[in-house]
Amino acid sequence: MSNTPEPPSQIPSQEVPLHSMEALNNSFQDYRANSLWRLMLRRILRQRSAIIGGIILGILILVAVFAPLIAPYDPEEVLIGVEPVRKRQAPCIYLLGCPTDQPQHWMGIDGNVRDQFSRVIYGTRVSLFIGFSTIGFAIILGTVLGAVSGYAGGWLDNVIMRLMDVLMAFPSLLLAIAIVNVLGRGLQNSLLAIAIVNVPIYARVMRASVLSIKEQDFVEASRALGASPIWILFVRILPNALSPLIVQGTLGIAGAILEAAALSFLGLGAQPPTPEWGSMLGSERNQVFTAPHLVFYPGVAIMITVLAFNLLGDGLRDALDPRLSFHKAEQTL
Amino acid sequence: MFQYIIRRLLLAIPVLFGILLVTFILARLIPGDPCKAILGEKATQAVCDRFIRERGLDQPIYVQLGIYIRDVARGDFGNSIRYSRPVSIILIERLPLTVELGVIATLLATLIGIPMGILSAVYSNSFVDVITMVTANIGVSMPVYWLGLMLAYVFALLLKDTPLWLPPSGRLTAGLVSTPFYQVYNLTAGDPESFRFHVYEFIGNMVVINSLITGNWKILWDAIQHLILPSVALCTIPMSIIARMTRSSMLEVLGLDYIRTARAKGMPKSKVVLKHAFRNAMLPVFTIIGLQLGTIFAGAVLTETIFGLAGVGRMLFEAITARDYPIVQAFTLVIAMGYVGMNLLVDISYVFIDPRIKLR
């Protein structure tokens, strides 16, 4: 980031001779080109962390999509009798001097004699799916609850928001554990639990946006024209409340991936042989002293994925939240 | 001021009631026969009938809720299935460790996180800023249990036979026993059922505090050594969050006019930052510290499991695996209550941090 203020690009340049019709047209074209979305995109692209996060996420998505091409083995294939490998064998990388007569295993062999690298690669699919599905569900439910709460007000608002307060009073992982305890273990139930735990965040964000937007003139105008409340909510208010939801959602995905991995680590989430990073870590945690590679790589994978969403979310917040004007401090001190 | 505190206290009541309600509902939602779930699969029909009558499970649901609240108020959480002992006694044995671990982790997180954030804000966009924020971003993205395992691997195995070696698990080295202070000083704790006895036992079970009271430095050092790795693992996420919050809060305050005024009248930068800016930037940071308690409690489940510490978190995990529902219910309740109570304390302490609140 530079300290110099940005040139006011969206204002037609002063050098344009205003009497020239053609130039005026051109300047209008410039003006039109700066749509809200384009402005937003430009602001996002100015955030270093958003770009870095976005790039990492892009790579992860590619890895997830092309997992069968990248992974040398099937993630659930047991290699006994297929190759001369031992249980929990250390990584064998040709570039690092591993004899070429042995099969190459970038991240070694796991406790069930499977290729760890292939499992970590396929784990990307599981984790991204977890992140998007849980937060998607939480956003939909939270948005509806928050919108109804904020728009309707009164006792309904009170009931919904107090319920959200109670849900937020529990540390999220603990509540998720308690819910999985009731629903029964497994990936699906743990996803549902994490989604439920995350609902209050979006309900609050949405409610706050609705409260501030619903008093604005353009909403008043729609109401005066006889638009139905539902239409106003979805067509007038929701698009204007999107940016805090996007920011929260991106950061929420990071948290959801961490929580899901923790549940799987404890044996409550994804069950073996699913190649899920948390459960891979959990099943080998007692072997950390003898086979550290089996613990190291899945953890790094979790960290990189979560970091990508965190960076992206941070960058989006800095770009989309007009209240944050950090550059001011630099000028003062 | 008192009005503010009273309003905060009153606002906490519905939340506490809600927590009771949620734990009550969660216990009722457990599929299957409640008697078999609580007394175990081997319970006979006669035992079950008596259990259902005693627990009031044949009563309407609102009466059951009343009974539940009454039992909780009395500190009666029922008996553990696995240990056949009152859950409240198990809680007194297990909670002290988690409290110690949580306090140390919170202190570490605060004492490292706040200076990190201040440095980062004061030298924003410098090398220091980049390094601290990269650290904070990575810290917040790390799975606690993974960090714990890696720390154990590095400090207990790779650094073996060096002065930096740290024990990978347990509370005290095998062979060392921490004698409770009331036995050392021959205090009569009284009736094992009494409140004073429980308090004594609770304090006695906090090994660090207990060895400080009894002056047993060997045990103190050993206990601290055992707590270093778990608390470092546990504090990483809160530390990173506190550092980031401090940075953004400081940046906001440092941009305000009164800071420029202070600088313009020739006040040294360090004084402006620490006295003028930091005090005002602290409020949101303080809120975040309170909220981090949730992370700490949840992290305790994972950290204690990894480091073989017999605290509330590990107990909760074991209870879940063993389907020991009374323990799960009671521990979830206690942790949620502790979380709400802590945030209430933070809210109330605003009065002392921010004098403006007094005027309201």
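1. Helices (H or I, at least four residues) and strands (E, at least two) are DSSP runs, numbered from the N terminus. This is a predicted model, in which local features need pLDDT of at least 70, side-chain atom pairs count only at pLDDT 80 or more, and totals for chains, interfaces and linings use all residues. Residues are numbered from 1 along each chain as its sequence is written, with chains lettered from A and ligands numbered from 1 in the order in which they are written.

2. Chain A has 14 helices and zero strands. Of its 333 residues, 44% count as buried (20 or more other C-beta atoms within 10 Å of a residue's own; exposed is 12 or fewer, partly exposed in between, with C-beta atoms placed from the backbone).

3. Have a look at the loop between helix H11 (242-265) and helix H12 (277-283) of chain A, where A:Pro273 is found. A cis peptide bond joins A:Pro272 and A:Pro273, with omega about 10°. Most peptide bonds are trans.

4. Two non-glycine residues with positive phi are worth a check. A:Arg88, with phi near 55°, sits in the loop between helix H4 (67-70) and helix H5 (116-152) of chain A. A:Arg88 is partly exposed because 18 other C-beta atoms lie within 10 Å. In chain B, B:Asp161 has phi near 65°; B:Asp161 counts as exposed, with 6 other C-beta atoms within 10 Å.

5. On to the chain contact: 46 residues come from chain B and 41 residues from chain A (contact means C-beta atoms, placed from the backbone, within 7 Å).

Technical notes: Two residues are in contact if their C-beta atoms, placed from the backbone, lie within 7 Å.
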